[in-house]
Structures are given as C-alpha cells and as structure tokens.
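Good morning, colleagues. I would ask you to bring up the sequence and the model, and to begin with the pocket analysis.

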Amino acid sequence: MDAEALIRPVVEDAGLELVEVVQRREGARRILQVTVDDDGPLDLDTIGRLSERISRRLDVEDFGAGPYALEVSTPGLERPLRLPSQFRRAVGGSVKVKTTVPVAGARVHEGPLVEADDEAITVAVPGAERRIALADVASARTTVDWDAELQRSPRRADA
C-alpha cells in the first residue's frame, strides 16, 4: 500500500498538514521521511507523539518488506512551497520563486509574497509586483534574512 495513503489520515487527525512523504535509501538502509507542518511552531513532543502514531499505523498495516527508519520532521524556516495552502500560509514573508517561463523578463523572482490563491501568487520585486501562475512555478521556497535574524537573536553571555 502507498505510504502517503497510510500516513495522511494520521497526520490530519492530529490537526497537521502533510507536506511530503519520501522513501529513499542510504546504502542498505531504507528511510521513510515524513514532513509535516502547522500554522504555528511544532515542538519536539508533538513530533514525537506523531511519529509514534505513524509508526503504529504502518506496523498495523504491515507496511513494506523489511526494516526501515521513520523520520518525522518539519520543513524548517526556509521551506519549499508547492501547494496553494502553503503559499497562502507564507503570505507576508519573503520568497524565492523560479519559473519555467520568463515572467516580466525574469525566471527568478525574490521578495515579499503579497498574495496567493488557487491559481497564482503575487511577489513584490524591486519596483513592481509580479503575478505568477502556479502552473509556471518550477520551484519556490520561503527565505530568511539570516543577518537580520542573527542581529535579533539574544547573544549568549558565555560566547
């Protein structure tokens, strides 16, 4: 059975969004990587409980042949954006979008995400706002100004 079909109901029952399920190999080791998201920050206890629930579901359904390692995580600060719901959640933040075709003469568009709906997004680039059809997005991710983040971060007294 499809791993995503088994995992999705468990994640959604926990009130979270399933971002991605990836099966990969590292040498002889099989890894099932599950990425989840929420409107607010996710703590380690929540991720741990979810991991246990996913593991139980996979065991009950006798998922796959042989052992595997289950990894459950969040997308992080600079996260990929694929679905309209992910773009909507990122409105107000900074993004980097690469398009399959030039939009206003460019294939890379960086700046604040102004608007997002089921068909397109609007990115504020220097001097303009660009409306980009989701069908034309090759890749997109949120971006973080790390210099600004480090300046806001409290410094450790023992550093």
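The largest pocket is lined by 22 residues, and those nearest its centre are Leu 77, Arg 79, Arg 89, Ala 90 and Thr 142. A pocket here is an open set of points on a 1 Å grid over the protein atoms alone, where a 1.4 Å probe fits, with protein on both sides within 12 Å along at least five of seven lines; lining residues have an atom within 4 Å of a point.

Before I continue, a note on conventions. This is a predicted model, in which local features need pLDDT of at least 70 and side-chain atom pairs count only at pLDDT 80 or more, while totals for chains, interfaces and linings use all residues. Residues are numbered from 1 along each chain as its sequence is written, and side-chain values use heavy atoms, with hydrogens and water left out.

The volume of the largest pocket is about 340 Å³, taken as the space filled by probe spheres set on the points, which are joined across faces, edges and corners. Which elements each supply at least two residues of this lining? They are α3 (84-90) and β8 (137-143), with α3 giving the largest share, three residues. Helices (H or I, at least four residues) and strands (E, at least two) are DSSP runs, numbered from the N terminus. By class, the lining comprises nine nonpolar, eight polar and five charged residues.

Is Val 95 buried or exposed? Val 95 counts as buried because its relative accessibility is 1%, where buried means under 20% relative accessible area, exposed over 50%, and partly exposed in between, with a 1.4 Å probe and protein chains only. Setting aside residues up to four places away in sequence, Val 95 touches several residues, including Leu 81, His 109, Arg 141 and Thr 142; contact means heavy atoms within 4.5 Å. From Arg 79, 16 residues away along the chain, Val 95 is separated by 9.5 Å between C-alpha atoms.

As for the protein overall, there are four helices and eight strands, in the order α-β-β-α-β-α-β-β-β-β-β-α from the N terminus on. The C-alpha trace spans about 55 × 50 × 35 Å along its principal axes. Of the 159 residues, 33% are buried. Among contacts between residues at least 6 apart in sequence, 53% join residues at least 24 apart.

How values were computed:
Ala, Val, Leu, Ile, Met, Phe, Trp, Tyr, Cys and Pro count as nonpolar, Asp, Glu, Lys and Arg as charged, and the others, Gly among them, as polar.
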